[in-house]
Amino acid sequence: MPQVLVVEGDPLVRSVLTRLLQRDGYEFQAAGSGREALERIESANFDLIVTDVTIPDMDGMELVRAVRELGHSVPIVAVAGGGGRVDEEALLTIARELGEVEVVPQPFNLDHIRAVLARRLPLLVSVLALVG
């Protein structure tokens, strides 16, 4: 199964996302901060990263840049929102520059997240189903 890294500073949202992944059969790891996420990325290969843009110790776009600087081209879904603290247009511009980054506005619903996962991981899931 595809490996997903969830990076979310809010324990409740992190729990909701990881329960969704678990229920849908994905393998995952979770991190509560940018530093923790980078440690996990250095020690494991992920097929997708889902990150909030307002995480402790760095913002999500700083995390995306750090992932790219480490040489990883993994697709990234950046969940944006958080009470107007984020400039959505600036985020979209950064996401386009960094490539393979999709921005999901908050509040999101679980069906939206499922659709994003299905869109980002369909080929990998299909290949694993054929060889599994």
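The entries below go from the whole chain to single residues.

**Entry 1: conventions.** I am working with a predicted model, in which local features need pLDDT of at least 70 and side-chain atom pairs count only at pLDDT 80 or more, while totals for chains, interfaces and linings use all residues. Residues are numbered from 1 along each chain as its sequence is written, and side-chain values use heavy atoms, with hydrogens and water left out.

**Entry 2: confidence.** I looked up pLDDT, the predictor's confidence in each residue on a scale from 0 to 100, and found a mean of 78 for the protein chain, with 73% of its residues at 70 or more. Among the elements, H2 has the highest mean pLDDT (95), and helix H6 (residues 122-131) has the lowest (41). Over residues 123-132 the pLDDT stays under 50, and the model has five contacts beyond four places in sequence for that stretch; a contact means heavy atoms within 4.5 Å.

**Entry 3: fold.** I counted elements as DSSP runs numbered from the N terminus, with helices (H or I) of at least four residues and strands (E) of at least two. The protein chain has six helices and seven strands, and their order along the sequence is β-α-β-α-β-β-β-α-β-α-β-α-α. Among contacts between residues at least 6 apart in sequence, 67% join residues at least 24 apart.

**Entry 4: cores.** I took a nonpolar core as a set of buried Ala, Val, Leu, Ile, Met, Phe, Trp, Tyr and Cys residues joined through side-chain atoms within 4.5 Å. Buried means under 20% relative accessible area, exposed means over 50%, and partly exposed lies in between (1.4 Å probe, protein chains only). The largest core has 21 residues, of which Leu5, Val7, Leu38, Ile41, Ile49, Leu63 and Val67 touch the most other members. S1, helix H2 (34-43), helix H3 (60-69) and strand S6 (76-80) each give two or more residues to this core, and the largest share, five residues, comes from H3. A second, separate core of 15 residues includes Leu17, Tyr26, Val79 and Leu117.

**Entry 5: H3.** Seven of the ten residues of H3 are buried, among them Leu63 and Val67. After H3 comes Gly71, whose phi is positive, near 90°.

**Entry 6: Asp24.** What does the side chain of Asp24 make a polar contact with? Asp24 is in the loop between H1 and S2, and its side chain makes that contact with the side chain of Arg114 at 2.7 Å. A polar contact is a pair of N or O atoms within 3.5 Å; within protein, one must be able to donate a hydrogen and the other to accept it, and residues adjacent in sequence count only if both atoms are side-chain atoms. The C-alpha atoms of Asp24 and Arg114 are separated by 8.7 Å, although the residues are 90 apart along the chain. Asp24 counts as partly exposed because its relative accessibility is 31%.

**Entry 7: Asp57.** Asp57, in the loop between strand S4 (54-55) and strand S5 (58-59), has a positive phi near 75°.
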